[in-house]
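Here are a few notes to read alongside the model.

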2 protein chains.
Amino acid sequence: MPAAVINTLLGPDLRLMIEEGDAEGLRAFCEELHPAALAEVLADLEDDTVWSVLSHCSLPRQVEIFEFLSLHRQVELVDAIGKERLSKIVGEMSSDDRVDLLSRLDPVRVENLLPLMAKADRADVRRLLAYPEESAGSIMTTEYASLSEDSTVAEALQSLRKQAPDAETLYYVYVLGPDRRLDGFVSLRDLVTARPERQVGELMRRDVVSARVDDDQEKVAGQVMRYDLLALPVVDEANRLVGIVTHDDAMDVVQREAEEDVLMMGGVEPLADSYSETGVLELAWKRGKWLMFLSLVALATAQVLQRFEGVSEEYTWLVLFLPLVLASGGNAGSQSAALIIRAIALNEQGAGPWKLAGRELLVGGTLGALLALIGYLSGYFWFSLGAAESVMVAGTVFVVVIMGTVCGSLLPLASKKLGADPALMSTPLITAVMDVTGVVLYYGVGIWLLTTLAGTAAP
Amino acid sequence: MPAAVINTLLGPDLRLMIEEGDAEGLRAFCEELHPAALAEVLADLEDDTVWSVLSHCSLPRQVEIFEFLSLHRQVELVDAIGKERLSKIVGEMSSDDRVDLLSRLDPVRVENLLPLMAKADRADVRRLLAYPEESAGSIMTTEYASLSEDSTVAEALQSLRKQAPDAETLYYVYVLGPDRRLDGFVSLRDLVTARPERQVGELMRRDVVSARVDDDQEKVAGQVMRYDLLALPVVDEANRLVGIVTHDDAMDVVQREAEEDVLMMGGVEPLADSYSETGVLELAWKRGKWLMFLSLVALATAQVLQRFEGVSEEYTWLVLFLPLVLASGGNAGSQSAALIIRAIALNEQGAGPWKLAGRELLVGGTLGALLALIGYLSGYFWFSLGAAESVMVAGTVFVVVIMGTVCGSLLPLASKKLGADPALMSTPLITAVMDVTGVVLYYGVGIWLLTTLAGTAAP
């Protein structure tokens, strides 16, 4: 059932049960529905109501549901309860979700909370909180299952039964040597289908793909995707296993990074929360910053135009094709940027940036010729310009499209080279650069050429 | 190790082994490296070389490696071998990857190939080929593991060992009633940790999230993500299990849909293959279509400008702020479009389109006021316009930003309503609409107001 249907169907039932104090119904509700579906229903209720509904579930179930809420909603809910209840919830959470939540809370509150947690959990939180944002360490969980190479399959399965309550996944089990060194992994599938007396060492795969704890989360998600993994082990500089990144967290990263690319392409600074959870003022500010910058660029274009006032008074028809010149450069540039940004995200720059820019130049040349033809034909036939004027419009369009293409492909590459997000140098910025360049080319170079040629042509 | 490093390190080794005819080395190479890594090395080699390397692996391993190649590369390779070898490869492929490949081949070739395949496989191919593109049926595999409710855990594990060679995943096992009706599922984790004499019926979860075979793939991927699933069962109209969509295929859909959004935001028609696999001419055409359309819009803008030629000769300063007016509307519109497109992709339209458009109107008003202020101040102080002229510029910017915002949010929603991709009504189109509107407002309404007011003010 789609989320909207679930909410519409279950919301009223739930409210009725709360009003009637139907503890039995609420308990059944908590235990039977999928926690993700329940979280969607609860997301829209008031904080107190959410907590009173959750009180009817077991603690592990409460936490399971709670973890499916958005981080934004989790923070709101946590602010509505005391630290005793909070410490119970947080103590039960999976290590990665817990750290995500704590990193969003007031540091003073976190310091007050830590003493209430079990010692091992406390150390785990402190360690995970120390990893930089967007690193493998910041998205991994420390709750993995492990085995030693010399156990038999039967012993391994026995050990997994014991590890199950504390492991995020049992499907990949990591084989550790002395000092937690990552030697390989074995899948539960292989364990279940193997004869019980075989040794883990015979079954394990040693060509284990792993990430370093300081690797970028986007790279980590890319590896999970490329190798179709359920989980990717994360190791420190000495190849000791420190955590795992599970497929669902990797998928979230892919989704989030894609969202950032789309927003930056549209000239919006990426949002910390979802669109509907972001306030109007914050939205206005994350957009306003870019719009103001772009206004200044447009005013710089105006300044350039002003310098050509003498020219533009003489050639009033020039203004007609100004939108065409500006749009051609900007549009061709955003196209290149979109293609290159995705190629970088999918890690397929092919034979390096220069080859790529060369290819874009070729495409740009083709497109430039096409648009120049349209410019020439429409100038000559539609707007009845002279042949020289039409050639001048067409020539400007040609050059501007090629420049836009090269600029649109090089800016994301340069941005990546500098360690920034490739999408940062995106559509609005490229449009802005191309606007100024376009005006200079059109009013400056174009008209100069036109008058020079006319001067030469005249006897 | 990143892909580039693997290729640089292993490429030369591999070539040496091929030249020396080192069969032992090649076999070791095939069996020890991760198939995904191997596929990356092979992708860059000539077709014949790829096949001669693969000949050194067992058939299942050959297919495992082959399936990690891009579809584009698979098609190229398939064209280089005869139908006997092809039928062996295709017979061994997983059902979803097989259909993806066959749907890309020449139908005549497929018809010649089918008689060489096992009867069950043939029926499977025909059934899967019949599902529409981008439906759940087109991305699912039919190789799932299933159990009946009344078996014990020990029997279930025994049965799974038998099903293992033909199941894409053993981690979710579907519990089927009469006529393959989907009654629930049980995870391998639960089976492994349960006592062997318990019944599957006691362990199974009945609140199973499933997709319909004709559901859109984007919705399916969204469900896998929302519920953190390893696989999602796909049922027909009678709730009979027909296949499963695994997490890795769902992740590919998320990635692909995100890529489409970015490209459409940039005004590029989505590519069938990856950027580097797409030819220059195809790239030029997928971009050229949009650019030509946008050129026509720019020419329509020119036509509108021409109608105001009398005005523009009188007010030559108008052209200075034309880029500002055009950019403000277009940029504000792309921002809204980017936000709404992502909100739709994440399935969080909140309280419906109208509330959303209302919210955007509020943000648009704030941004419009901000940019209008910049327009006024720069007109008055920087470009020394009169107060009335500066107000006219500011007023146009204000209206254009609000219109851009509303238009940028409504177009994707309308596009979705009509069953098209929301990103279709994206940046370039919004920019185009706002260009024409902006010119009419600026040259038409603005100047009319200015002269009317001046006329009234003058005695």
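How many residue pairs are in polar contact between chain B and chain A?

1. The count is 34 residue pairs, both residues at pLDDT 80 or more. A polar contact is a pair of N or O atoms within 3.5 Å; within protein, one must be able to donate a hydrogen and the other to accept it, and residues adjacent in sequence count only if both atoms are side-chain atoms. Helix α17 (residues 280–307) of chain B gives the largest share of the side that touches chain A, 18 residues.

2. Please keep in mind that this is a predicted model, where local features need pLDDT of at least 70, side-chain atom pairs count only at pLDDT 80 or more, and totals for chains, interfaces and linings use all residues. Residues are numbered from 1 along each chain as its sequence is written, chains are lettered from A and ligands numbered from 1 in the order in which they are written, and side-chain values use heavy atoms, leaving out hydrogens and water.

3. In contact (heavy atoms within 4.5 Å) are 109 residues of chain B and 108 residues of chain A.

4. Four salt bridges are counted between chain B and chain A, each a side-chain nitrogen of Lys or Arg within 4 Å of a carboxyl oxygen of Asp or Glu. One of them joins B:R226 to A:E40, with the closest N and O atoms 3.0 Å apart.

5. Together, chain B and chain A bury about 10400 Å², 67% of it on carbon and sulfur atoms. Buried area is the accessible area (1.4 Å probe) that two parts lose on being put together, summed over both.

Key
Helices (H or I, at least four residues) and strands (E, at least two) are DSSP runs, numbered from the N terminus.
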